[in-house]
Amino acid sequence: MNKIGILGSTGSIGTQALEVIENNSNYSVEYLSCFDSVDLLIKQSKEFRPQSVCIIDKNKESQLAHGLKGEGIEILSGFEGLWEISSVKVDLMLNAIVGSDGMKPSIIALNNNINLALANKESMVMAGWIIKDIQKKNSSKIIPVDSEHSAIFQCMIGESEKDINRIILTGSGGPFRSRDIDSFQDITLQEALSHPNWEMGSKITIDSATMMNKGLEYIEAYWLFDLPINKIDIIVHPQSIIHSMVEFLDGSIKAQMGEPDMKVPIQYAFSYPYRIENLIEPFNFIQNNKLTFEEPDLNKFPCIRLAKDALVSGESHQVVLNVANDLVVQKFLDKKISFNDIPNMIEKAISNHSQISNPTLSEIQALSDWTKEYLNKEVIDA
Ligand code: MG
């Protein structure tokens with residue numbers, strides 16, 4: 001029996017992870033956490049019987065305690081509670097937290113020699129250099145859950161790093177791939193929230209619409225796979241059937257493909273290095289007989305350029321990029337700013353920050369505080 005902890009269990013990845021576990025008797029859930037979806041957390045806890053659960057929003061703690069009264073499940077709250085369960089020894093911790101809050105639990109788990117199924121790409125963007133250092137010192141593994149990185153991870157098995165020519169991250173291009181750039185100023189929240197292929201949470205759906213998601217994945221790939229920047233490419237593939245590819249020195253290309261369903265990379269992270277059966281429909285090549293590819297349009301999607309530049313410019317740029325993106329996406333979801341404000345505000349924050357190389361955790365915290373303060377003022381002034 002494999003013991004699994006799930007952080008962010010009420011979000012899109014978390015709920016799909018529990019579906020995978022529900023259909024498989026090899027896994028037991030040791031702990032769950034969520035931000036504030038207390039009713040769903042109570043329901044999940046009663047069904048999966050973890051040892052402990054944590055709710056970040058302390059205002060919901062008593063409701064959680066009431067809902068789980070007499071169940072014998074330990075109740076924790078706040079970020080201290082989250083950090084505490086991140087250090088509990090399990091076979092695998094799935095980090096499915098949304099945004100920057102996911103960084104610290106990843107670091108705590110890896111520091112405690114706990115294997116990490118990583119869906120929180122922001123961990124690598126905010127602290128890839130720190131995580132790489134931890135991995136040099138201990139044996140904890142990261143198994144990527146992001147579909148592109150899971151694909152690359154799978155294509156690299158049995159291969160030697162020196163034989164890799166490049167990795168090719170695919171992206172659907174999002175809902176505005178063929179929209180005229182002149183009408184980007186009129187993009188509504190509802191339009192941005194309708195992704196053509198993937199069912200995801202609201203933050204990542206907006207990231208896909210701006211294509212910042214691909215930018216963050218580019219940085220994530222750099223820190224995860226330890227390849228030079230010039231060996232990482234992005235290609236738009238609107239059908240989302242090829243989840244990413246690796247090209248080798250001899251011109252061979254391996255692609256990992258299938259229906260776009262996050263349960264596949266989630267399940268693979270659980271079963272790695274083995275594979276297990278599931279209920280996913282077999283892929284139909286005849287019905288999906290057109291796979292097309294395009295160059296990403298950096299004029300339409302400046303977020304890709306911002307992320308690429310941040311990777312070249314240095315670590316503090318990546319921290320500010322990520323924190324700024326979290327914040328402005330929330331402002332867009334709250335209808336406080338327009339779609340075009342998203343890249344403009346991120347760019348402003350990056351160009352006004354004081355650069356530091358290899359920031360420590362406390363320096364990352366300071367950069368994060370600065371970015372939030374700076375942008376909150378920008379939004380009020382806008
Ligand atoms: Mg992805």
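The largest nonpolar core holds 118 residues, and Leu94, Ile167, Phe270 and Leu321 touch the most other members. Such a core joins buried Ala, Val, Leu, Ile, Met, Phe, Trp, Tyr and Cys residues through side-chain atoms within 4.5 Å. Helix H13 (residues 315–333) gives the largest share, 10 residues. This is a predicted model: local features need pLDDT of at least 70, side-chain atom pairs count only at pLDDT 80 or more, and totals for chains, interfaces and linings use all residues. Side-chain values use heavy atoms, without hydrogens and water, and residues are numbered from 1 along each chain as its sequence is written.

Seven strands form an open sheet with parallel pairing, in the order S4-S3-S2-S1-S5-S6-S7. Pairing requires at least two DSSP bridges between two strands. Helices (H or I, at least four residues) and strands (E, at least two) are DSSP runs, numbered from the N terminus. S4 (74–77) and S7 (142–144) are the edge strands; each has a single partner strand, so one side of each lacks a neighbour in the sheet.

S6 (residues 116–118) pairs with S7 in the parallel sense over three bridges. Ala117 has Ile143 in S7 as its bridge partner.

The magnesium ion has protein donors 2.0 to 2.1 Å away: Asp146 (OD), Glu148 (OE) and Glu217 (OE). Donors are N, O and S atoms within 2.8 Å of the metal (3.2 Å for Na, K and Ca); water is not among the atoms, so sites may look incomplete. Two of these residues are buried, meaning under 20% relative accessible area (1.4 Å probe, protein chains only):

| Residue | Relative accessible area |
|---|---|
| Asp146 | 8% |
| Glu148 | 7% |

Conventions
Buried < 20%, exposed > 50% of the residue type's maximum accessible area, 1.4 Å probe, protein only.
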